[in-house]
Amino acid sequence: MLRNYLKMALKVLARRKFFTFISLFGISITLLVLLVATAMLDQVFAPQQPETRADRTLGIYQVTLRGENSTFNGFAGYGLLDRVVRGLPEELPAVEKVSIFTTPGNAVSYVGGQKIESSLKRTDGAYWQILDFSFVEGGPFTEEDEANARFVAVINESTRDRFFGKVPAVGRTLEADGQRFRVVGVVRDVPILRLVAYSEIWVPNSTAKSRTYRKEYLGNFMAAFLARSRTDFPRIKGAVERRFRLAEEHIPDRQMFQKLDGGADTFFEAVSRVIFGEGEESRPELLWALFLGLAVLFMILPSVNLVNINLSRILDRASEIGVRKAFGASSRTLVGQFVVENVVLTLLGGAIGLVLAAAVLAGLNASGLIAYADLRLNFRVFLEGLGLALFFGLFSGVYPAWKMSRLHPVQALRGRTL
Amino acid sequence: MMRHLLKLVWNRKRANALILLEIFFTFLVVFGVGTLGLYFWDNWRRPLGFDWENVWAVRVNMQAASDDTFTPEQVETSARLVREVGALEPVEAVAGAMMEPFSFGSFRSSLEVNGRRVLMDLNEVTESFADVMRTEVVRGRWFQPADAALSWRPAVIDEDLARAAWGDEDPLGKRLGKPDPQDPGPETRVIGVVRDFRHHGDLSGPELFVFYPKHLGNPKHRPPQVLLVRVHPGTPAAFEEELTRRMQSVARDWSFEIVPLEQTRTSAIRRTLTPLIVGGIVAFFLLLMVALGLLGVLWQNLLQRTREIGLRRAIGASRREVHRQIILEQLLLTTLGVLLGAVVVIQLPVLDVFGSALRPEVFTSGLILAMVSMYLLSAVCALYPSTLASRVHPAEALRYE
């Protein structure tokens with residue numbers, strides 16, 4: 001029976017090629033846009049290498065200083081973060097590791113008269129245990145390297161190729177921003193969209209050109225905590241919040257600013273804090289609502305279009321339904337047929353959309369438009385999108401068919417519409 | 001005629017409601033993307049107010065504990081740095097500033113001017129800034145070294161700000177308020193007006209801009225965060241290395257980053273254009289989808305009305321009249337959808353959602369563009385089906401009965 005339905009569905013779709021094309025076009029393009037957008041969001045937020053442990057990582061990403069007339073929104077300094085995180089793992093066993101590191105800065109090198117620009121991040125030994133880099137050669141630098149201010153560096157593959165060609169680089173030295181570093185490890189390229197992990201050269205914090213950074217209240221530093229499990233998040237957040245309150249007393253310009261906002265967030269919470277919470281509190285639910293709202297806005301038009309097309313198709317087939325009814329087909333059989341037809345159409349559109357999206361993502365990854373992009377398909381979103389297309393398809397294709405199948409055959413035969 | 005058409009449309013209200021909905025949403029999409037495109041096009045045509053060619057920006061990182069702390073030694077080093085760079089052979093002129101044009105960040109302050117609060121962008125620059133950036137002074141004068149001795153603070157504003165604050169009045173000598181009215185510091189007076197200055201680059205909207213002076217070697221002024229270096233045309237990029245080495249020898253533990261303004265300009269343009277292009281591509285596919293959908297639905301609707309059309313033909317309507325009926329019906333439907341959309345869209349200026357960023361002429365052109373596109377779209381979609389309909393032979397059509 002199902003085989004018959006399938007055969008029939010394909011025949012019907014082939015008969016009205018233009019309509020089939022429009023439906024397929026709509027479904028596949030909509031899914032394509034949806035998939036590309038979520039691939040980007042995933043690259044920013046989802047746990048992906050090297051942030052495979054992002055689901056149990058919290059961070060202090062930005063802080064806000066607030067006073068009567070002024071607010072300052074920016075990155076914390078090493079001094080402030082050190083005050084907040086020092087001794088935290090000892091006080092709270094739920095915290096496995098803590099790391100303090102800079103945002104990536106620009107470092108210029110000249111190799112044989114050629115200018116090379118790289119992103120340079122300064123960090124500590126624990127960073128390499130919180131994140132899960134895959135090393136092509138060598139290994140990370142350690143807490144001991146950081147304590148002794150050794151001029152060692154981890155670089156990514158592309159940087160190695162730019163400086164040394166495609167040969168092993170461990171043990172060789174490179175110059176960046178006027179300082180010389182010995183390469184101890186080479187890692188796979190990290191996408192620029194991964195805020196915590198991204199850089200091209202990583203060197204110890206202590207190799208900074210002067211020691212003043214250790215006292216900075218504001219600067220260009222972030223901190224990350226690795227929790228033993230997600231269930232520990234509330235306790236860690238609470239502890240960090242208490243330490244923030246204590247750090248308020250050390251605000252350098254107490255006349256201008258009296259309040260220090262910020263806290264341990266997941267990256268998604270941190271973004272929502274900047275966009276919606278004015279730095280004061282994180283509002284992840286609003287950020288979710290924003291993304292969902294955008295998706296819904298975008299999908300309204302294709303949905304209306306799909307419904308429109310489907311309705312037209314069904315009306316066109318009023319007489320066919322009449323004939324089948326006259327020969328004794330039940331409403332159930334007819335509905336079954338239309339369901340199969342719609343499922344086939346949606347799956348076909350979904351498959352085309354998937355192939356297109358894979359091609360677009362591969363193109364984006366290869367084009368270098370987004371540095372080291374590693375965009376991947378999100379199959380969960382694909383299934384959800386497909387489900388939605390199916391819903392609208394069934395709602396607009398099967399419901400009218402079912403109503404029509406309940407008409408008297410004679411009326412249906414005469415082509416009477418609903 | 002119109003009433004009759006309305007009746008025809010009303011009689012098929014169920015099918016038409018969906019088409020109407022589709023036209024309505026499409027109108028909104030076209031209006032949104034079109035207005036955004038027009039907005040940037042309008043900005044692109046306006047002059048920048050400075051000349052970025054052959055200017056390099058040197059970002060200076062003094063490794064200070066915070067952005068506002070500096071020592072007299074650093075002030076001294078910074079002044080020496082500017083002197084030494086200016087003495088290099090390929091360099092025409094050097095200026096110091098708080099930030100370079102096209103930079104991503106901005107400094108804004110909301111000041112009381114002429115009894116109102118005005119939000120403006122600001123930059124602190126040294127005296128040679130106007131020479132390096134070739135900013136044209138249209139009224140009054142630019143900063144001079146002697147200004148350091150003034151008991152009040154001089155400011156140079158751009159034409160936009162002069163117009164926004166004082167209209168046609170002469171702004172020279174007028175007072176600019178302070179961010180905090182209780183601040184006991186010296187008052188600020190306007191000494192000059194420069195051409196419309198658009199710090200954020202070719203695609204940015206109108207900016208009200210004010211310059212404050214920064215005096216090199218003055219221990220009260222923070223040393224410049226950025227040096228702007230105008231080099232002779234044709235200076236090779238290799239000079240960057242020499243420049244860096246020279247600066248490093250003056251200030252050993254500072255960091256320098258050299259970026260030609262051409263490069264910051266390109267990245268500023270790309271930053272704005274990329275989302276617009278992505279949005280444009282998505283909108284294009286949406287429109288294509290809608291166009292095909294409308295075509296299909298109209299076609300289908302007409303097939304259903306074969307009898308009706310046949311009847312009209314049988315009692316003497318000419319092909320042209322049938323043609324006209326179908327297209328007019330579609331245009332009527334479009335008008336309804338567009339009117340609905342226009343009512344929604346007009347709320348933007350009425351409720352002042354975008355403020356002065358949405359210039360009236362941009363809004364009007366966007367509205368007209370969207371309307372024209374919708375009419376074109378539906379006319380094109382109705383053309384083929386109506387041709388098919390007009391070809392219906394009366395006898396054949398009536399046989400359907």
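The centres of domain 1 and domain 2 of chain B, taken over C-alpha atoms, are separated by 52 Å. The structure is a predicted model, in which local features need pLDDT of at least 70 and side-chain atom pairs count only at pLDDT 80 or more, whereas totals for chains, interfaces and linings use all residues. Residues are numbered from 1 along each chain as its sequence is written, and chains are lettered from A and ligands numbered from 1 in the order in which they are written.

In chain B, domain 1 comprises 2-46 + 272-399 and domain 2 comprises 63-253, the bounds coming from an automatic or database domain assignment. Five residues from domain 1 of chain B and four residues from domain 2 of chain B form the contact between them; two residues are in contact if their C-beta atoms, placed from the backbone, lie within 7 Å. On the side of domain 1 of chain B that touches domain 2 of chain B, α2(B) gives the most, with three residues. Helices (H or I, at least four residues) and strands (E, at least two) are DSSP runs, numbered from the N terminus.

The contact between the chains takes 36 residues from chain A and 33 residues from chain B. On the side of chain B that touches chain A, at least two residues each are supplied by α2 (13-45), α6 (239-250), β11 (255-260) and α7 (261-304) of chain B. With 12 residues, α7(B) gives the most to this side.

A:Asn305 lies in helix α10 (residues 284-316) of chain A. A:Asn305 is buried, with 31 other C-beta atoms within 10 Å; a residue counts as buried if 20 or more other C-beta atoms, placed from the backbone, lie within 10 Å of its own, as exposed if 12 or fewer do, and as partly exposed in between. Not counting residues up to four places away in sequence, A:Asn305 touches A:Gly26, B:Glu22, B:Met289, B:Val290 and B:Gly293.

Chain A also holds an open sheet of three strands in the order β1-β12-β4, with antiparallel pairing; two strands pair if DSSP finds at least two bridges between them. Its edge strands, each pairing on one side only, are β1 (57-60) and β4 (95-102) of chain A. β4(A) pairs with β12 (residues 221-227) of chain A in the antiparallel sense over seven bridges, and A:Lys97 stands opposite A:Leu226 in β12(A).
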